[in-house]
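Biologist: Before we discuss any labels, could you show me the model, and then take my questions about the terms one by one?

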Amino acid sequence: MAAAPRLLPLLLLGWVRPGACTDPPDGGWLAGTVPEEPRCTVERADASLTYSLFLQRFAFSRPVILGGVTDNSAFRALCTREKLLAAFGPFPVRLSTANTYSYRKVDVPFQQYVEQLLKPQDPARLGSDTLYFFGDNNFTEWEPLFQHYVPPPFRIPGTSPAYSFGIAGSGSGVPFHWHGPGFSEVIFGRKTPHFHPNESTLAWLQHTYPALPPAQRPLECTLRPGEVLYFPDRWWHATLNLDTSVFISTFLG
């Protein structure tokens with residue numbers, strides 16, 4: 001029988017600046033107008049973190065933001081808007097609705113997604129009506145890009161990595177959800193706020209978050225290029241892209 005979702009601690013909310021693949025200035029991707037939250041309540045660690053300490057302190061119990069553990073400058077240089085369109089423009093990509101359960105899938109050419117659908121999030125638009133490119137990657141077509149990515153050096157015993165690549169507009173994001181452990185440009189939280197599974201993260205941030213008592217607010221932080229966040233198994237979390245963001249996750253299955 002499958003294990004139930006972990007209840008405590010529960011939720012992480014994330015604000016994401018352009019992720020692991022930006023190139024000055026911003027890789028040609030559109031900057032956003034969503035204000036940045038200066039507070040960060042997620043623990044950080046640098047390259048001095050050892051594998052044994054990672055297993056002891058974080059792997060099974062809490063998230064951590066890792067800085068300086070990899071160098072993905074080569075991967076980042078390939079992820080500018082111009083280079084991705086040149087390399088993958090005609091290839092189909094599968095879009096998901098940006099709601100908790102991501103039921104609907106739509107296939108469109110990558111160029112059409114970037115040029116026509118990659119827009120700032122309308123706060124009044126439900127997550128179930130917002131199309132989002134994240135995961136569902138064709139690894140045969142995207143392998144020439146993925147082979148340049150340097151994953152975080154830590155693993156959970158008995159797991160193997162799988163990449164999930166995405167691009168999303170300013171103000172977009174995935175509402176609260178959970179899955180297995182991994183590394184990503186997303187931030188997690190701690191206490192369960194009330195939320196609707198079809199409400200966008202931006203709407204939740206604007207309408208629900210300000211009324212939460214301090215003890216019920218999720219962990220939060222802005223993740224910047226070159227930083228990677230580790231999330232433990234079955235932690236509820238949400239993401240919000242401050243700018244048009246390029247990001248990659250390494251799921252440990």
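Biologist: Why is C221 called buried?

Modeller: Buried means under 20% relative accessible area, exposed over 50% and partly exposed in between, with a 1.4 Å probe and protein chains only; C221 is at 1% relative accessibility, so C221 counts as buried. This is a predicted model, in which local features need pLDDT of at least 70 and side-chain atom pairs count only at pLDDT 80 or more, whereas totals for chains, interfaces and linings use all residues. Residues are numbered from 1 along each chain as its sequence is written, and side-chain values use heavy atoms, with hydrogens and water left out.

Biologist: Why is C40 called partly exposed?

Modeller: C40 has a relative accessible area of 31%, and is therefore partly exposed.

Biologist: What makes C40 and C221 a disulfide?

Modeller: The term requires a pair of cysteine sulfur atoms within 2.5 Å, and the sulfur atoms of C40 and C221 are 2.0 Å apart, in a structure that holds one disulfide. The pair links distant parts of the chain, 181 residues apart, with C40 in the loop between β1 (11–16) and β2 (44–45) and C221 in strand β10 (residues 219–223); strands are DSSP runs (E, at least two residues) and helices likewise (H or I, at least four), numbered from the N terminus.

Biologist: Why is the disulfide of C40 and C221 called left-handed?

Modeller: The torsion about its S-S bond is about -100°, so the disulfide of C40 and C221 is left-handed.

Biologist: Why is C79 called buried?

Modeller: C79 has a relative accessible area of 0%, and is therefore buried.
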